[in-house]
Amino acid sequence: QVQLVESGGGLVQAGGSLTLTCAASGTIVSSHPMGWYRQPPGKQREFVAAITSGGVTNYADSVRGRFTISRDNVKNMVHLQMNSLKPDDTAVYYCRAAAGLMYYWGKGTLVTVSS
């Protein structure tokens, strides 16, 4: 059974940095496309960043140049390094794994950016 557990969220001032971690079990992160999504308060969930099994990355326009997605194949984790955070980055951040025809989600971690 695939399980994804996010961590690293918290409260940070605008301009600060956070690194989110997604720890995976029941699957191998290097074998599947992995992604980060977020859901701001009162809004729909949106794409943030993704990394393919081949290591190709993709970012939402709103975070490109500020966020970096990476994968630790040894620890079976995916990270999201977030720099120059803005209040608009406030959201619950979710990790997603695409395995075959299935999508698996973690329960999310809250990031709050104060102005």
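Which residue has its backbone oxygen 2.9 Å from a polar atom of the side chain of Arg-66? Hold on to that one for a moment, and hello everyone. Before we go on, please keep in mind that we are looking at a predicted model.

So, the answer: the backbone oxygen belongs to Ser-62. Let's stay with Arg-66. You will find Arg-66 in the loop between β6, residues 57-59, and β7, residues 67-72. The side chain of Arg-66 also has a partner in Asp-89, and the polar contact that joins these two side chains is 2.8 Å. If we leave out residues up to four places away in sequence, Arg-66 touches Gln-81, Met-82, Asn-83, Ser-84, Leu-85, Lys-86 and Asp-89. Is Arg-66 buried or exposed? Its relative accessible area is 12%, and buried means under 20%, so Arg-66 is buried.

Next, the aromatic rings. How many aromatic pairs does the structure hold? There are three, and I'll show you two of them in detail.

One is made by Tyr-37 and Phe-47, an edge-to-face pair with 5.6 Å centre to centre and 75° between the planes. This pair links distant parts of the chain, because Tyr-37 sits in strand β4, residues 34-39, while Phe-47 sits in strand β5, residues 46-51, and the two are ten residues apart. Tyr-37 is buried, at a relative accessible area of 15%, whereas Phe-47 is partly exposed, at 26%.

Another pair is Tyr-94 with Trp-105. Their ring centres are 6.5 Å apart and their planes stand at 85°, so this pair is edge-to-face. Here again distant parts of the chain are linked: Tyr-94 is in strand β9, residues 91-99, Trp-105 is in strand β10, and eleven residues separate them. Tyr-94 counts as buried, with 12% relative accessibility, and Trp-105 is partly exposed, with 35%.

Now put those four residues together on your screen. Ring pairs link Tyr-37, Phe-47, Tyr-94 and Trp-105 into a cluster.

What sits over the ring of Trp-105? That is the charged end of Arg-45, 4.6 Å from the ring centre.

Gly-106 is placed in the loop between β10, residues 102-105, and β11, residues 109-114. Gly-106 is buried, with a relative accessible area of 9%. Setting aside residues up to four places away in sequence, Gly-106 touches Leu-4, Glu-6, Tyr-94 and Cys-95.

Let's finish with the nonpolar core. The largest one has 28 residues, and those with the most contacts inside it are Met-34, Trp-36, Leu-80, Met-82 and Tyr-93. Which strands each supply at least two residues of this core? They are β3 (18-25), β4, β5, β7, β8 (77-82), β9 and β11.

Note on methods:
Residues numbered from 1 in each chain as written. Predicted model: local features only at pLDDT ≥ 70, side-chain atom pairs only at ≥ 80, totals over all residues. Heavy atoms only, no water. Helix = DSSP H or I, 4+ residues; strand = E, 2+ residues; numbered from the N terminus. Buried < 20%, exposed > 50% of the residue type's maximum accessible area, 1.4 Å probe, protein only. Polar contact = N/O pair within 3.5 Å; in protein donor to acceptor, adjacent residues only side chain to side chain. Contact = heavy atoms within 4.5 Å. Phe/Tyr/Trp six-rings, centres within 6.5 Å; stacked < 30°, edge-to-face > 60°. Lys NZ or Arg CZ within 6 Å of the ring centre and 35° of its normal. Core = buried A, V, L, I, M, F, W, Y, C linked by side-chain atoms within 4.5 Å.
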